[in-house]
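Here is a short walk through one protein model. Keep the structure in view and follow the paragraphs in order.

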Amino acid sequence: LSGKNGDKMALKNIENIRMNVELMNETIDVFRDFYKEDFCEKEFDLTDVLDDVLYICRPQLQVKNIELCFTYDEGSYKIKNYIKHVLMNLITNAKDELAKKAKSTDNFIPYVGINLRQDESKFIITIEDNANGVDSELLDKIFEPFFTTKGDDGTGMGLYLCKLIFEKKLRGDIRLANAKNPTKFEIELLK
């Protein structure tokens with residue numbers, strides 16, 4: 001391609017590369033710091049962490065014309081680190097599936113919804129999208145290492161690493177709360 005269309009496509013590809021490098025850097029940092037006990041002990045405000053993640057992910061979603069909505073109840077959301085990688089992975093997975101559905105479905109309005117709330121003992125984050133969902137025969141496999149539905153474009157380590165982070169570093173759990181209409185992941189973090 002040449003001219004304006006070629007320039008637009010090149011800029012779009014450069015932006016996609018930049019965003020993927022940022023996600024890879026985040027993943028490398030998580031692996032590097034995973035066994036450092038003091039790193040996990042620092043506290044962060046969960047709304048600030050979500051704002052940081054959305055700042056990084058929002059351009060990826062906008063390029064794919066995906067609507068993003070983040071809501072949360074007022075209050076204090078102090079938490080230990082590592083959650084940022086989990087959130088970025090879930091949002092990126094949603095973006096990939098929404099982009100795939102948007103290519104094959106006319107008049108489709110892709111959507112990612114994020115809700116943060118709390119009760120007396122835990123913080124609850126839900127991330128939902130209106131893509132195609134998770135097929136029932138895959139439900140038991142999505143958190144396994146090297147399992148991917150993305151073919152050569154996936155490593156199968158994203159959700160596995162998310163689950164591992166919860167098992168080894170965070171007090172809480174991550175689960176697929178709803179497989180379709182909407183696809184919804186729920187994160188519970190003990191206070």
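Angles under 35 degrees count as roughly parallel, over 145 as roughly antiparallel, 65 to 115 as roughly perpendicular, and the rest as oblique. Axes are lines fitted to C-alpha atoms, for helices over the stretch in contact, and angles run from 0 to 180 degrees between N-to-C directions. This model is predicted: local features need pLDDT of at least 70, side-chain atom pairs count only at pLDDT 80 or more, and totals for chains, interfaces and linings use all residues. Residues are numbered from 1 along each chain as its sequence is written, and side-chain values use heavy atoms, with hydrogens and water left out.

Take the helix pair. Helix α4 (residues 83-104) packs with α5 at an angle of about 150°, their axes 10 Å apart. Helices (H or I, at least four residues) and strands (E, at least two) are DSSP runs, numbered from the N terminus. The two helices, α4 and α5, are therefore roughly antiparallel. Their crossing is left-handed: the near helix is turned anticlockwise from the far one by less than a right angle. In contact (heavy atoms within 4.5 Å) are residues including Ile83, Val86 and Leu90 of α4 and Leu161, Ile165 and Phe166 of α5. The residues of this contact divide into 8 nonpolar, 4 polar and no charged. Ala, Val, Leu, Ile, Met, Phe, Trp, Tyr, Cys and Pro count as nonpolar; Asp, Glu, Lys and Arg as charged; the others, Gly among them, as polar.

Now the sheet. It is open and has 5 strands in the order β2-β4-β5-β7-β6, with mixed pairing. Strands β2 (67-72) and β6 (172-178) are the edges, each pairing on one side only. Two strands pair if DSSP finds at least two bridges between them. Strands β5 (residues 122-129) and β7 (residues 183-190) pair in the antiparallel sense over 8 bridges. Here glutamate 128 stands opposite lysine 184 in β7.

Helices lie on this sheet. Helix α3 (residues 46-63) lies across β2, β4 (111-118), β5 and β7, running at about 175° to β2. Helix α5 (residues 158-168) touches β6 and β7, and its direction makes about 140° with that of β6.

Finally, the loops. Most residues other than glycine have a negative phi, and most peptide bonds are trans. Between β6 and β7, a loop holds asparagine 181 and proline 182. A cis peptide bond joins asparagine 181 and proline 182, with omega about 0°. Asparagine 181 has a positive phi of about 50°.
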